[in-house]
Amino acid sequence: MMDLSQGQAEEQVGGNGAAPVALRQLIPAELLERGEGCPFDPAPGLRGLRGQGAVQPLELGNGARAWLVTGFAEAREVMGDLRFSSDRVRYRDATQMGADEVAAQAGAPVCPVPVEARADGMFIFMDPPEHTRLRRLLTGQFTVRRMKALEARVTEIAVEHIEAMRAAGTGADLVPAYALPIPSLVICELLGVDYGDRGSFQENTAIALSSASTDEERARAGGELYGFIARLIAAKRVEPGDDLISGLIHDADPPLTDAQLIDLTLVLLGAGHETTANMLALGAFALLENPEQLAALRADPELVDQAVEELLRYLSIIQLGVTRVATQDVTVGGVDIPAGATVVLGVPEVNRDPRHWDDPDRLDLRRERAPHLAFGHGVHQCLGQQLARIEMRIGFTELFTRLPGLRLATPATEVPLRNDMLIFGVHSLPVAWD
């Protein structure tokens with residue numbers, strides 16, 4: 001879960017279903033779409049900016065000027081500086097504006113929308129202190145004891161699905177057969193959601209995150225998700241269990257409203273399966289395409305923790321979905337960013353900054369560990385990052401140990417990439433084994 005687990009991370013998945021569509025419409029495709037050349041590299045437009053400055057102006061399709069950050073130190077600075085707001089209610093993010101709104105606000109002073117208190121639970125789009133309270137409640141549920149207890153269950157789930165694949169033959173699509181079920185089952189059990197309902201929330205989450213969806217389709221999917229979670233919360237108010245949602249319902253003081261609980265659950269449920277599922281599938285693809293690295297991992301299983309960190313850095317599945325709004329004039333990387341400007345963080349290129357890593361475009365599982373920003377930084381750093389690491393560590397270990405001779409069953413160039421989604425990955429990954 002990369003939310004967190006998303007995961008996800010708080011930096012990764014939010015409740016704004018319009019985000020991928022807005023990005024696709026407003027940001028040049030060459031900054032978003034991967035697959036020209038190596039499928040694991042940042043989009044060609046992002047790579048092409050390397051060496052031209054860590055902070056650059058970005059002209060959006062609606063006429064707004066934003067600022068694109070591609071440097072590691074500069075992105076970390078923005079993520080950690082509370083003068084850059086995440087609050088999309090009080091501060092207007094240019095990627096969410098129409099051309100008329102942009103024109104109307106041109107030259108106007110930055111005046112946050114007056115809101116006495118946020119009544120929703122979309123903490124990923126909040127600033128302290130409102131963010132702090134909700135984040136603290138969730139942190140209290142993500143206990144070390146609960147995470148450690150999940151390790152055995154993650155292993156059990158991984159082994160069960162590998163044995164099911166083996167029993168069915170010598171090939172499978174790794175996405176539905178393995179990568180998606182592991183984090184989906186785990187987040188369902190953590191939240192107290194019936195796994196039998198996974199088809200509905202997985203489909204509706206995918207619709208909400210797809211730039212190919214129409215406004216009507218996203219509205220329908222969002223309504224169904226809200227209705228599903230509202231019914232779940234009502235049931236747990238009456239009959240609580242030993243799960244995270246029940247804990248949020250019955251342990252919070254003052255109590256959370258239904259609206260807050262629905263929003264919190266939406267973020268956790270979406271981030272908890274989408275992000276890690278894509279890291280598992282794309283990570284397996286990357287290792288299969290780098291056989292010398294896979295051989296090193298198989299020869300030294302203790303390398304897996306290092307491998308997970310390198311894959312997180314190398315793949316950086318969150319596209320240009322992390323934005324902030326400057327609440328005052330701020331200088332970053334020697335560039336003056338005016339108050340009210342939107343900053344877009346190019347995380348795939350940020351995690352390839354040659355000033356921070358040697359030979360950053362090479363997958364190297366033995367690379368000396370250095371901080372990356374796949375889980376974000378600062379107050380919004382991914383809440384479920386430890387669970388995400390557990391799922392990836394166990395998922396990769398079991399997959400490559402129990403399926404000798406695992407290989408792609410289709411040419412790498414024919415693997416369908418998720419360029420239509422906010423979270424990058426593969427739509428399917430046909431594999432075979434001996």
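This is a predicted model: local features need pLDDT of at least 70, side-chain atom pairs count only at pLDDT 80 or more; totals for chains, interfaces and linings use all residues.
In soluble globular proteins, nonpolar side chains tend to be buried together. In this model the largest nonpolar core holds 119 residues, and the members that touch the most others are Val193, Leu315, Ile337, Leu345, Met392, Phe400 and Leu429. Helix H14, which covers residues 258-288, gives this core its largest share, namely 16 residues. Apart from this core lies another, made of 16 residues, with Leu26, Ile27, Ala64 and Ala66 among them.

Rolling a probe the size of a water molecule over the atoms shows where empty space is left. The largest pocket found in this model has a volume of about 500 Å³, and 24 residues line it, with Met97, Gln105, Ala339, Gly340 and Ala341 lying nearest its centre. Strand S2 (65-69) and helix H6 (99-105) each contribute at least two residues to the lining of this pocket, and the lining as a whole divides into 17 nonpolar, four polar and three charged residues.

Helix H6 also contains Ala103, which counts as exposed because its relative accessibility is 56% and the cut-off for that class is over 50%. The C-alpha atom of Ala103 is separated by 35 Å from that of Leu225, a residue 122 places apart from it along the chain. Leaving out residues up to four places away in sequence, Arg146 touches Gln141, Leu190, Asp242, Asp243 and Leu244.

The cysteines can be taken next. The structure holds zero disulfides, and Cys188, which is in none, has as its nearest cysteine sulfur that of Cys382, 18 Å away. Cys188 counts as buried, at 1% relative accessibility, whereas Cys38, with a relative accessible area of 27%, is partly exposed.

The backbone itself remains to be followed. Most residues other than glycine have a negative phi, and most peptide bonds are trans. Against that background, a cis peptide bond joins Pro128 and Pro129, with omega at about 5°, and Pro129 is found in the loop between H6 and helix H7 (130-141). The peptide bond from Asp253 to Pro254 is also cis, with omega near 0°, and Pro254 lies in the loop that runs between helix H13 (244-251) and H14.

Which phi values are positive in residues other than glycine? Ser316 has a phi near 40°, and Asp359 has a phi near 45°. Ser316 lies in the loop between helix H16 (304-315) and strand S5 (322-326), where it counts as buried at 3% relative accessibility. Asp359 is placed in the loop between helix H17 (347-350) and helix H18 (385-402), and at 43% relative accessibility Asp359 counts as partly exposed.

Conventions: Residues are numbered from 1 along each chain as its sequence is written. Side-chain values use heavy atoms; hydrogens and water are left out. On a 1 Å grid over the protein atoms alone, a cavity is a set of points where a 1.4 Å probe fits but cannot get out, and a pocket is an open set with protein on both sides within 12 Å along at least five of seven lines; lining residues have an atom within 4 Å of a point. Grid points are joined across faces, edges and corners, and a volume is the space filled by probe spheres set on the points. Helices (H or I, at least four residues) and strands (E, at least two) are DSSP runs, numbered from the N terminus. Ala, Val, Leu, Ile, Met, Phe, Trp, Tyr, Cys and Pro count as nonpolar, Asp, Glu, Lys and Arg as charged, and the others, Gly among them, as polar. A disulfide is a pair of cysteine sulfur atoms within 2.5 Å. Buried means under 20% relative accessible area, exposed over 50%, partly exposed in between (1.4 Å probe, protein chains only). A nonpolar core is a set of buried Ala, Val, Leu, Ile, Met, Phe, Trp, Tyr and Cys residues joined through side-chain atoms within 4.5 Å. Contact means heavy atoms within 4.5 Å.
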